[in-house]
Amino acid sequence: MSSCENPNVDKDALMPRRQKFDGKTKICVRCKENTGNVVIRYSVYCKTCFFPLVQTRFRKSLEPSINATPDGPRKKALKAVGSLVIGLSGGTCSTAMLDLVAKSYFAPKNEPTGKLKGGKDHPRNSDKGVWKGKAGISYVEVCGAFPGEKDRTEDIRAVVESYSNSNFEFLPLRLEDSFDSNWWKSVGGDLSTSAQSLARLDLHLVNSSSESSPLQALRTYLSSLPTQTAFYSAVQMLVRLLLLHTSASRDASHLLLGTSLTSLSVNLISGIAQGSGYQVTEEGKEEWNPRPEHGMPLRIVRPLRDVGMKECTIWDWWCKLKIVGEPRSLYSGGKNAIGALTRDFIFGLESDYPATVSTVARTCAKLTPKEGSDEICALCERPAQHGVQAWKSRISIRSYQEVSSAVSGNTRPPHLTEEEITNLTKSSLDITPTSDHPFSLTPLLCYACHTLLTSRSSRGLAASLPQGQSTGDVPLPLWVRSSADMAISAHSHESVPLAVKMSRREMEKEISEFLLSDE
Amino acid sequence: MAPRSCALCLKAKSMLKRPKTGQQICRDCFFYVFETEVHNTIIHSKLFNPGDRVAIGASGGKDSTVLAYVMKTLNERYQYGLELFLLSIDEGITGYRDDSLETVKRNQEQYDMPLKILSYGELYGWTMDAIVSQVGRKNNCTFCGVFRRQALDRGAAMLNVDHIVTGHNADDIAETVLMNIMRGDIARLGRCTSICTQGEDTIRRSKPFKYAYEKEIVMYAYFKKLDYFSTECIYSPDAYRGHARAFLKDLEAARPSAIIDIIHSGEAFEIKEEIKATQKVQQTCQRCGYMSSNPLCKACTLLEGLERGMANSGITDRGRRKLDAEGPTPDNLRTIPFFRRPSGGYPAIAVELPS
Ligand SMILES: [Zn+2]
Ligand SMILES: [Zn+2]
Ligand SMILES: [Zn+2]
Ligand SMILES: [Zn+2]
């Protein structure tokens, strides 16, 4: 269609271009005394006023969700029902977040930088902490996915120890823990013996006989993914699920992630571009329920969601914090992955249209999923919509079997005979599902995760790992095996027989004793 | 590489790689799945009733040319029982519309469909050329977009049709989803993925190509040898939209399903109830009877600005207040004819029949 179809007639729909900072006002807008040191969203602040500015935004995003009844009156003391876990990646924003948490809620009584402690009547000073027990600071080492990348665990440990706070506990994790049954047991997960070896062959659940180390399993899993986009998203998803299950095992009520306003906007657009619009609210604010009796409902809070990346950098710089840094390959790698493309796009727009970043976050905060759902995706453990497979096959026909109702008689493809189309619409029934592996992973997945595992690139695979044996079965993260196991056993308790076509070999097995040999 | 056989019929030699799925298929299967997906869209959304009079918004560009062909094909194959019309808007841009209107006239004969061409000059008394000479090239897309939307509805009312179908494709819709999020246009975001829109006073409007990839529309036209013209407006497009379009192309290159995935996302969410409540209610324009969120619709406001020689004042609210401050609307002002919805029966005007 022509480019003027959707005119931006509303004044507020026009994106304002960057207004150059005029340079006239040099006095801090807050104290109106000091000469400004930084410009934040068109306003000048001095160094003294910068810290409370950021800390106020941090608290506004975090504190309304601390008490069990969310958004309650803030006069009440802050009291969480469980413990706290902080996700630390070593990047700019999570480093600033750890510092803000330490200074706001875990500051030793006689800390010299009194300015950051909050008021005298601040609940922190009422002796007991906001959260129960020690705060876990959790780091997920991702070098297993990127051969040649440095292991940063000890650097991060040093960052945590630099706070010499007896209430902080370092919790190092590794990406390959997702495939390690020792880790899964340590977080209270259980698996039946058969589920231990559950893997996938395409999208069928199979029992794998091949034993492999967690690291090998991780690499096989990642190299089985069809696109760079899927590879990078899968790594981020593993990090997220490792943090969730670890938090639940510590009876945590809150998991804090260092997502800045800038990265929130990137995540929102990137998620929408990968088909996870149904979960758009989860990117900003989310509550996750562990398996029954394995922890309490966990709130995932991003207390820097209203603070830009630039402010985080300034915070780190002025507080002289050591930035270990995130592995370069995780973010600047995968140039052709949707995540990196979105990042480049949003960063690029930010310089010309600085309002974009906050507009994206503000717009998405006004959205809600269209219909309720009680389904949870086995892979990402976020809410999943019903009917996505029907939607997919209606909109992109990948076999005549999928559209068998529309292709008969006069409405069949004109170049095919009645007999040919009949064979085509029938034959694929034999393939899905097979008698050996009657269970499919598909119904357990949300739209985005199904797309992640199946949607191909026209360029072919370009992940950083050598392609694994694509014909073999692919290990699954342990939480997926546990969910699949539950689904299978729920299914087998039902007396409804599965409509599975019997193979000739199977028929033979059943009737073998009745068959007489030719001899 | 040796030619493979078609992934769908397993019989013919594969001739193309389908942009939407990456499958290698033959030409006949491509036609068939492309058409069947449009059919699925139509049937699943219950777009039409037998006997409906449906106008195809025809610009002579690729989308509407292929749409007219596919609508005719499906109407016959599945016996929808529709009466199809072609409806074209002539914006009055010298050297831009002439060729594409020729295409539409040829389609009228090939497809045996009645055609109505409605011009901005006829409806508003202003051609786009005349508007651009007044407002310059900065805001002309605002005029063009507002005027076209109304013009299609008015043309449809003249043809007395129940329904307008437009050639908006999946790329357009995905791009609009992204644009509306980035611009914070929450009202449009809420409705841009719905396949069919109908206000109380407007004619049903739908997009049967909602899930059709632009590349496949071009491919379809190419293999069916349908000719069309580029309808990219020669007056400047919107730079911000240009960024969004380039981004979408990158996403599609990274993972072709991205276009459909964005639409799926857009369909999965809606505006929170408490936000909906704060949005403006629809009313009808007191001057021309067209739907509007203000007492005066956008087209009437823009037209009044043009007529009073203060063309740019119709674009913003501030401009509008300035216009009001200049004094009341003169009585002898040229206005748009009053809008009436078709109420069944015969066409309000005679249409040109194919010769
Ligand atoms: Zn100051
Ligand atoms: Zn999922
Ligand atoms: Zn074929
Ligand atoms: Zn009006």
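1. An unreviewed UniProt entry lists B:Gly57, B:Ala58, B:Ser59, B:Asp63, B:Ile89, B:Gly167 and B:Asp172 under "binding site". Keep in mind that what you're looking at is a predicted model.

2. You'll find B:Gly57 in strand β3 of chain B, which covers residues 53-57. Its relative accessibility is 13%, so B:Gly57 counts as buried, the cut-off being under 20%.

3. Who does B:Gly57 touch, once you leave aside neighbours within four places in sequence? The contacts are B:Ser64, B:Leu87, B:Leu152, B:Ile164 and B:Val165.

4. B:Asp63 sits in helix α2 of chain B, residues 62-77. Is B:Asp63 buried or exposed? With 3% relative accessibility, B:Asp63 counts as buried.

5. Now have a look at the zinc ion (ligand 3). Its protein donors are the SG atoms of B:Cys6, B:Cys9, B:Cys26 and B:Cys29, at 2.3 to 2.4 Å from the ion. Along the chain, these donors follow the spacing C-x2-C-x16-C-x2-C.

6. Why is the arrangement around the zinc ion (ligand 3) called tetrahedral? Because the four donor atoms subtend angles of 102 to 117°, and four donors count as tetrahedral if all angles lie between 85 and 135 degrees. For four tetrahedral donors, the ideal angle at a metal is 109.5 degrees.

7. B:Cys6 has 0% relative accessibility, so it counts as buried. B:Cys9 counts as buried too, at 6%.

Conventions:
Residues are numbered from 1 along each chain as its sequence is written. Chains are lettered from A and ligands numbered from 1 in the order in which they are written. This is a predicted model: local features need pLDDT of at least 70, side-chain atom pairs count only at pLDDT 80 or more; totals for chains, interfaces and linings use all residues. Side-chain values use heavy atoms; hydrogens and water are left out. UniProt positions are given in the numbering used here, feature names are shortened, and annotations may be inferred rather than shown by experiment. Helices (H or I, at least four residues) and strands (E, at least two) are DSSP runs, numbered from the N terminus. Buried means under 20% relative accessible area, exposed over 50%, partly exposed in between (1.4 Å probe, protein chains only). Contact means heavy atoms within 4.5 Å. Donors are N, O and S atoms within 2.8 Å of the metal (3.2 Å for Na, K and Ca); water is not among the atoms, so sites may look incomplete. Four donors count as tetrahedral if all angles lie between 85 and 135 degrees; four count as square planar and six as octahedral if opposite donors are over 155 degrees apart and all others between 65 and 115; anything else is irregular.
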